[in-house]
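Good morning, and thank you for the time.

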Amino acid sequence: MSDEKSRRPANTAFKQQRLKAWQPLLTPKTVLPTLFVAGIIFAPLGGLFLYESDTVNEIIIDYTHCKDANSTAQSLDSSLYSYKFTDEGTGQMYAPTYRFIPSSVEGESGTCAIRFTVPIQLKTPIFLYYRLTNFYQNHRKYVKSLSYNQLHGDVITIAEAQSSCSPVAVDANNKIYYPCGLIANSMFNDTFTVYFVNPPGSTESRNMQFSETEKISRYKMNPADIVPPPNWIKRYPNGYSADNIFHPQDDEHFQVWMRTSWYPNFRKLYSALREGTLEAGTYEVNVTLNYDITVYGGTKSIVLTGTSFLGDRNPFMGLSWIVMGCVCTFLGVVFLGWHFFKPRKLGDHDRLSWQHSSSGL
């Protein structure tokens, strides 16, 4: 007769719960120094982070309604721009202006010419962003509307496209959109060119070479089986061909756009000036107006900014550290006063509930 198996756990420290453990004893001697040390560390670091954020130069100009302007430059209201410089410089500061230049080609978008002044020399790197508001890229239906297989270069079927990219999957002729999905179809497509107006020793504007990568390569899918998304018609008016087809791996603007934002107000990198300097003077940014943000009830702006070791200008991190340091110090003072005026004896067993006699006895 076989021995009956025992269900008793093995006599080990792990299975018998005899492992060594440590539980901190929160006493005034340990809690109060911790709070004060945290306050002493957090507050100065927050001040350093806030100072570094303030050393970043930044220009923000809202050009949402530039298309409604005429060909005469008009100064912008203070609510439509923001200048933040580390020094006032020697030159006079002017409010930025913009004017609308209609296209000479019928049906083509016009250009918004934005002029602004830079009072001081800005060191590289300098980044040019576009900023959108009231655009909800974090909507679940929007975020899921893409095909990773298609973006990786695989040929997908109509069923796969409809499953991944609905409602922008196929056109009326059952040709698959490439790239398919809501994210790709709503891609921001305004273009920016930066000029230095009348630089020293010249009577003409100088094009500032903000770098952006856009290569041309061929894609293995048959161009006859795919079509550009509905909102890409201006970019590919004749559809795709063997010599003119989109490739996601070679378009950095597309890659940046496909990284969706968590928030309705966001900025995305367009280009960068990584060499040389941005001299003090007047600059003009010519924006080809292809993107209508007013459909979403939002605004669009250009952002020209530098960086610190923490990134671009953002005072939130410094302020949060300062607030946390002040909170820790304040709690330390409160608990210290409490402990001084109303100290509690540690290990007082008379305070245990079962040591109190019942009022009914």
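Let me begin with a definition: a residue is called buried when its relative accessible area is under 20%, exposed when that value is over 50%, and partly exposed in between. Please also keep in mind that what you see is a predicted model.

With that in place, consider D312. Its relative accessibility is 26%, so D312 counts as partly exposed. The side chain of D312 meets that of R267 in a salt bridge, with 3.5 Å from N to O. D312 sits in the loop between β15 and α7, whereas R267 belongs to strand β12, so this pair ties together parts that are 45 residues apart in sequence.

R267 has a further partner. E58 also forms a salt bridge with R267, and here the closest N and O atoms are 3.2 Å apart. Because E58 lies in strand β1, residues 58-62, and R267 in strand β12, residues 266-273, the contact ties together parts that are 209 residues apart in sequence. Through these shared partners, E58, R267 and D312 are joined by salt bridges into one network.

R267, at 26% relative accessibility, is partly exposed.

The structure holds 6 salt bridges, and I will mention one more of them. K300 forms a salt bridge with D190, the closest N and O atoms being 2.9 Å apart. This pair links distant parts of the chain, 110 residues apart: K300 is in strand β15, residues 300-305, and D190 is in the loop between α5 and β9. Both K300 and D190 are buried.

The largest pocket holds about 620 Å³ of space. It is lined by 25 residues, and the closest to its centre are M187, F188, N189, N231 and N290.

Which elements give two or more residues to its lining? They are α1, which spans 28-54, and α7. The largest share, 4 residues, comes from α1. Among the lining residues are L26, P28, F335, W338 and R344. In this lining, 7 residues are nonpolar, 2 are polar and 3 are charged.

F335 and W338 bring us to the surface. Together with V323, M324, V327, F330, L331 and V334, these two residues form a nonpolar patch on the surface, and the accessible area of the patch is about 740 Å². F335 and W338 are also found in the lining of the second largest pocket.

With a relative accessible area of 35%, V334 is partly exposed.

That concludes my presentation, and I thank you for your attention.

Definitions and conventions:
Residues are numbered from 1 along each chain as its sequence is written. This is a predicted model: local features need pLDDT of at least 70, side-chain atom pairs count only at pLDDT 80 or more; totals for chains, interfaces and linings use all residues. Side-chain values use heavy atoms; hydrogens and water are left out. Patches are made of residues with over 30% relative accessible area and no salt bridge: like charges are joined within 9 Å, nonpolar side chains (Val, Leu, Ile, Met, Phe, Trp, Tyr) within 5 Å. Accessible areas come from the Shrake-Rupley method with a 1.4 Å probe; for residues, only the protein chains shown count as cover. A salt bridge is a side-chain nitrogen of Lys or Arg within 4 Å of a carboxyl oxygen of Asp or Glu. Buried means under 20% relative accessible area, exposed over 50%, partly exposed in between (1.4 Å probe, protein chains only). On a 1 Å grid over the protein atoms alone, a cavity is a set of points where a 1.4 Å probe fits but cannot get out, and a pocket is an open set with protein on both sides within 12 Å along at least five of seven lines; lining residues have an atom within 4 Å of a point. Grid points are joined across faces, edges and corners, and a volume is the space filled by probe spheres set on the points. Ala, Val, Leu, Ile, Met, Phe, Trp, Tyr, Cys and Pro count as nonpolar, Asp, Glu, Lys and Arg as charged, and the others, Gly among them, as polar.
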